[in-house]
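Hi there,

Here is the structure I promised to pass on. Have a look at it first, and then read my notes below.

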Amino acid sequence: MFNKINTLGGYFHEYQKSVSEPEKFWAQQADSFYWRQRWTHVTQWDFEKPTINWFCNAKLNITENIFEKNLYTHGEQIAIDWEPNDPNEASRQYTYQELLSVVNQTANALKREGIKKGDTVILYMPMVPELVIAVLACARIGAIHSVVFAGFSAQALADRVRDAEAKIVLTANFGYRAEKTIALKQIVDEALEKSDLVQRVVVYQRTQKEVPLKKDRDILWDEFLADTSTDCPAEILDSEDPLFILYTSGSTGQPKGIVHSTGGYMVYSAYTFANVFQYQDGDVYFCTADVGWITGHSYLVYGPLLNGAHIVMYEGVPSWPDSGRMWDIVGKYQVTHFYTAPTLIRALLTMGNEYLEGKALSSLKVIGTVGEPINEDAWHWVHDHIGQNRCPVVDTWWQTETGGVMIAPIAGVTPTKPSFATLPLPGIQPVIIDNDGQEQRGNSVEGNLCIRYPWPGMARSIWGDHERFKQTYFSQFEHYYFSGDGVRRDEDGYYRILGRVDDVINVSGHRLGTAEIENAINEHPLVNESAVVGYPHPIKGQGIYAFVVCPQTSTGGEAGIKQSIEQGVNKLIGPIARPDLIQLVPNLPKTRSGKIMRRILRQIAAGDATSLGDISTLLDEQIVDIIINEALVDV
Ligand code: ATP
Ligand code: MG
């Protein structure tokens, strides 16, 4: 196996090696995989064009590294424990050997449909094992999968089908979410109304209920798999052949179809999984992300399975049948590793600790978060109450575009600090650049978070729009990959993500990160969540507008709460960060992956909500109208 870090000294040693001799370092990590043909160069790259190649001319199949490479030792081990939405329904289980058989069957079924290397396949499916199986089946034959989160609307799906030029869509009749069923097949039908490219729709029957099938186009899953062999030779791919397309969460605007490669992504997702989480044989790893997001790709499917891990996959929502469901799952499967998002932690935190009573949490060893800055309150709650002061909390910073974790503690090795992603992983060279393009060296500095040197897991392009790839990530700051996020390196050299650069507020010449102000507001005992944006202010340049979710109003009413929020911010950051406007709102506009969409709030605060741009990734459009109606400025 590749180098596993288990001491802080070991981390610094590996990090040094990775910076002074990156090619040697990555070749060493890549050596532990199964390649059909070795690379001629470790990397060839040019950030100007940009072109990025890793393990050049090497040949491989990622599924051979999940299965064939590990079958001898892991064949009988559980790969997937699947927990259904309804706790009373039977769970399902696959060993690695069993998983390989059905992956092969599905791969053969896709081949029978004429799908071959380089073709795109859209997966619009609920969180059932068949989704993971379909992902791996595509990888087995070299088809490029594009998973579209099954909460997206027909329009959003149609856009993604068109963008990928897919000829086949895999879906399910229905999906379960809490007590609701979602008519996925119907949404697919609607999305395909205007598409004549898609010739085949495969329908997994999640429920008994029948759905209309379009003649010559639709086929049921069982029929699709009928008479397929459990053997399917892996298609041999070039290291740089695309493995998948995945759209970003859409927090900032038009979603981008990020393209990931095969060889580099494999090495990076596996390496980071093993090191960040410190997973060991016998552990049980539960990631709450949907496969429709990058976290699901890298740390539910590829990273863990490449390491022969035992994963738990959950179909439903965290708060159903009640807010203790996550902890029931932890107890039932004896989960050791729990990887989730701050939004889920904030939601469960507000429900109160009574949902923790009687839950068996003692199996837990490591807790991880990703997706947004985690505020200190949420960090402490999950650390103290879920991790019982025993488990390291790893706050992992990364992006769809980075393919895997970039800045994060190594669990149990790197000393943590609430709301800090701490230190870069080996191979990652973060640079802080100010708005004039000057690198900010040393500690106690902040600015735009860029990366100096390529890493194997980084995106290769935006599907069908390489120019946009260049514009978005490689043109703001010459010679660097630009993440779009703001960051501070504190006096200890620790990194704290300040939020997206677009969200940074400039008050009288002071740059304030939204994450920090929100963190201070969220410290208020009655506040669930908040979102802070800047708005035009005649004197200060920008004023601070805070949208605050605060369901219970205490004595003193609204005015009292607002006042105590102001006092709290004053105390924690200083008067400079005190909000000028505080609007209490029932909820915040969020993406379907649970992230706050500050872009919309910024427009409302600016008094212009006439055109909100692409809001197809928004979870609940109604909340926008409610916020507009009660806005503290004229909209
Ligand atoms: P879009 O790019 O379409 O606007 P998105 O950036 O939300 O959507 P993702 O790639 O899923 O799409 O999310 C990556 C972003 O999430 C990061 O750029 C960062 O802003 C935020 N993020 C992820 N992890 C963390 C973390 N640990 N701390 C702070 N922010 C994080
Ligand atoms: Mg982004």
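In β18, F338 is the bridge partner of F286. Strand β16 (residues 284–287) runs parallel to β18, with 3 bridges between them; strands count as paired if DSSP finds at least two bridges.

Before you go on: this is a predicted model, where local features need pLDDT of at least 70 and side-chain atom pairs pLDDT 80 or more, while totals for chains, interfaces and linings use all residues. Residues are numbered from 1 along each chain as written, chains are lettered from A and ligands numbered from 1 in the order written, and side-chain values use heavy atoms, without hydrogens and water.

Strand β19 (residues 366–369) is also parallel to β18, joined by 4 bridges, and there G368 partners Y339. To get from β18 to β19, the chain goes through helix α13 (residues 342–351) in a right-handed β-α-β crossover (clockwise from the first strand over the helix to the second, with the strands pointing away from you).

Within β18, H337 and Y339 point one way, F338 and T340 the other, and all are buried (under 20% relative accessible area, 1.4 Å probe, protein chains only).

Now find R206, in the loop between β11 (200–204) and β12 (218–220). R206 counts as buried because its relative accessibility is 10%. Its contacts (heavy atoms within 4.5 Å) include W82, F174 and E315, leaving aside residues up to four places away in sequence.

Cheers

Definitions and conventions
Helix = DSSP H or I, 4+ residues; strand = E, 2+ residues; numbered from the N terminus. Buried < 20%, exposed > 50% of the residue type's maximum accessible area, 1.4 Å probe, protein only.
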